[in-house]
Amino acid sequence: MKFKKDFIIVHFQEGFFDTTNQRIRNTVKNTLEPLIANAQTTDIHVSFWEDDKVKDTTSVIPIPPLSERVSRFVARKGLIEDEYPLKGKEIILVGGWFGACINGAIESVMTEFFRSPLLLETSELTIRMPETGVYKETELLSELDDANIISGIVSAFDNSAAVTEPIVTNRGLRFKIIRTKTQETLTEQMVVPVPNNPKERMFDVVFLID
């Protein structure tokens, strides 16, 4: 099967939960399990990115047998140790921690996007983040105010070496964060200015808060 989308689950492991945040664990679990089940019958590739340094590395959601449809990678701090072959220009990004490991995953995804000749032709990368599928230690993404969401994603760009790739500086890069339900744009920022007379389209990274 030719996959068109990536469903990346970052650090959703038992070791990140204790008696104080079982509500978060249960809410995210109930959000992700139907998405994973649906992905098994569609053109979505599921990948578990895990931290092998936590006390209990067991995934909260049982990982399906590894296959062309399901993969598993070590990604401490959300930064993947191996190259990850992105399947398409749309990524569903879930798990935790937002503002930390999720930021690292954003950095990793962008780096892999800009390494892919096929994806570079599309010029646009879409990263979807379900509001009840992304969490901090004691809060869901749905419970964070707009300023915290914006600052968390901005820091991923501030820390990413991907934005200094020659192909990016030759074309320019901007991103925007949109709430899907209301189509409200939380922010739109030019990260790398568009050069004079660019030969190809500027890169757009769009975050959809679903």
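User: Thanks! How do the residues of the lining of the largest pocket divide?

Analyst: Keep in mind that this is a predicted model. The pocket holds about 170 Å³ of space, and its lining consists of Lys2, Phe3, Lys4, Leu86, Lys87, Gly88, Ser116, Leu118 and Leu119. Sorted by class, these residues come out as four nonpolar, two polar and three charged.

User: Is helix 2 parallel or oblique to helix 4?

Analyst: Two packed helices are described by the angle between their axes and the distance between the axes. Here the axes of helix 2 (residues 101-115) and helix 4 (residues 146-159) come within 9 Å and cross at roughly 50°. Helix 2 is therefore oblique to helix 4.

User: Which residues in helix 4 does helix 2 meet?

Analyst: Helix 2 passes helix 4 in a right-handed crossing. From helix 2, the contact involves Asn103, Ile106, Glu107 and Met110; their partners in helix 4 are Gly152, Ser155, Ala156, Phe157 and Asn159.

User: Where is Trp97 found?

Analyst: Trp97 is joined to Gly96 by a cis peptide bond, with omega at about -5°. As for its place in the fold, Trp97 lies in the loop between strand 4 (90-96) and helix 2.

User: And what is the phi of His11?

Analyst: His11 sits in the loop between strand 1 (5-10) and helix 1 (22-39). Although His11 is not a glycine, its phi is positive, at about 50°.

Technical notes:
Residues are numbered from 1 along each chain as its sequence is written. This is a predicted model: local features need pLDDT of at least 70, side-chain atom pairs count only at pLDDT 80 or more; totals for chains, interfaces and linings use all residues. Side-chain values use heavy atoms; hydrogens and water are left out. On a 1 Å grid over the protein atoms alone, a cavity is a set of points where a 1.4 Å probe fits but cannot get out, and a pocket is an open set with protein on both sides within 12 Å along at least five of seven lines; lining residues have an atom within 4 Å of a point. Grid points are joined across faces, edges and corners, and a volume is the space filled by probe spheres set on the points. Ala, Val, Leu, Ile, Met, Phe, Trp, Tyr, Cys and Pro count as nonpolar, Asp, Glu, Lys and Arg as charged, and the others, Gly among them, as polar. Axes are lines fitted to C-alpha atoms, for helices over the stretch in contact, and angles run from 0 to 180 degrees between N-to-C directions. Helices (H or I, at least four residues) and strands (E, at least two) are DSSP runs, numbered from the N terminus. Angles under 35 degrees count as roughly parallel, over 145 as roughly antiparallel, 65 to 115 as roughly perpendicular and the rest as oblique. A crossing is left-handed if the near helix is turned anticlockwise from the far one by less than a right angle, and right-handed if clockwise. Contact means heavy atoms within 4.5 Å.
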